[in-house]
Amino acid sequence: MSFAASNTAAPGPRELMIGGKPVRLAGYGIGDFGLNIYWHSLSLILVFWYAEVVGLDPKLA
């Protein structure tokens with residue numbers, strides 16, 4: 001058995017499940033969702049800060 005012959009074998013189901021494209025895409029989606037939660041909560045805090053602490057009109061904040 002040569003090294004080239006072992007590389008041409010199809011990956012097993014466990015390899016597809018762990019390192020496959022759907023898992024990678026789900027990972028990117030979860031990361032993007034986390035970033036969106038962070039960004040929107042920061043925006044909400046800033047609106048509160050500008051409206052309540054600084055005294056800016058909420059329409060302008």
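A helix here is a DSSP run of H or I with at least four residues.

**Figure 1. Overview of the predicted protein chain.** This is a predicted model. The protein chain holds three helices and zero strands, and its elements follow the order α-α-α from the N terminus. Of the 61 residues in the protein chain, 3% are buried. The protein chain exposes about 5,700 Å², and 70% of this area comes from carbon and sulfur atoms.

**Figure 2. Confidence along the protein chain.** The mean pLDDT is 79 for the protein chain, with 66% of its residues at 70 or more. Helix 1 (residues 3-7) has the lowest confidence, a mean of 54, whereas helix 3 has the highest, at 91. Where pLDDT is low, predicted coordinates should not be read in detail.

Figure 3. Helix 3 has 34 residues and should span 50 Å at 1.5 Å a residue; the C-alpha atoms at its ends lie 48 Å apart, so the two values agree.

**Figure 4. Ser41 and Tyr38 in helix 3.** Ser41 belongs to helix 3, and Tyr38 is found in helix 3 (residues 21-54) as well. From the side chain of Ser41 to the backbone oxygen of Tyr38 is 3.2 Å. Ser41 counts as partly exposed because its relative accessible area is 33%, between the limits of 20% for buried and 50% for exposed. In an α-helix, residues three or four places apart point the same way, since there are 3.6 residues a turn.

**Figure 5. A nonpolar patch on the surface.** The patch is formed by Leu35, Tyr38, Trp39, Leu42, Leu46, Phe48, Trp49, Tyr50, Val53, Val54, Leu56 and Leu60. Together these residues have about 1,200 Å² of accessible area. One of them, Tyr38, is also the residue whose backbone oxygen the Ser41 side chain reaches.

Notes. Residues are numbered from 1 along each chain as its sequence is written. This is a predicted model: local features need pLDDT of at least 70, side-chain atom pairs count only at pLDDT 80 or more; totals for chains, interfaces and linings use all residues. Side-chain values use heavy atoms; hydrogens and water are left out. Helices (H or I, at least four residues) and strands (E, at least two) are DSSP runs, numbered from the N terminus. Buried means under 20% relative accessible area, exposed over 50%, partly exposed in between (1.4 Å probe, protein chains only). Accessible areas come from the Shrake-Rupley method with a 1.4 Å probe; for residues, only the protein chains shown count as cover. Patches are made of residues with over 30% relative accessible area and no salt bridge: like charges are joined within 9 Å, nonpolar side chains (Val, Leu, Ile, Met, Phe, Trp, Tyr) within 5 Å. A salt bridge is a side-chain nitrogen of Lys or Arg within 4 Å of a carboxyl oxygen of Asp or Glu. The expected span of a helix is 1.5 Å times one less than its number of residues. A polar contact is a pair of N or O atoms within 3.5 Å; within protein, one must be able to donate a hydrogen and the other to accept it, and residues adjacent in sequence count only if both atoms are side-chain atoms. pLDDT is the predictor's confidence in each residue, from 0 to 100.
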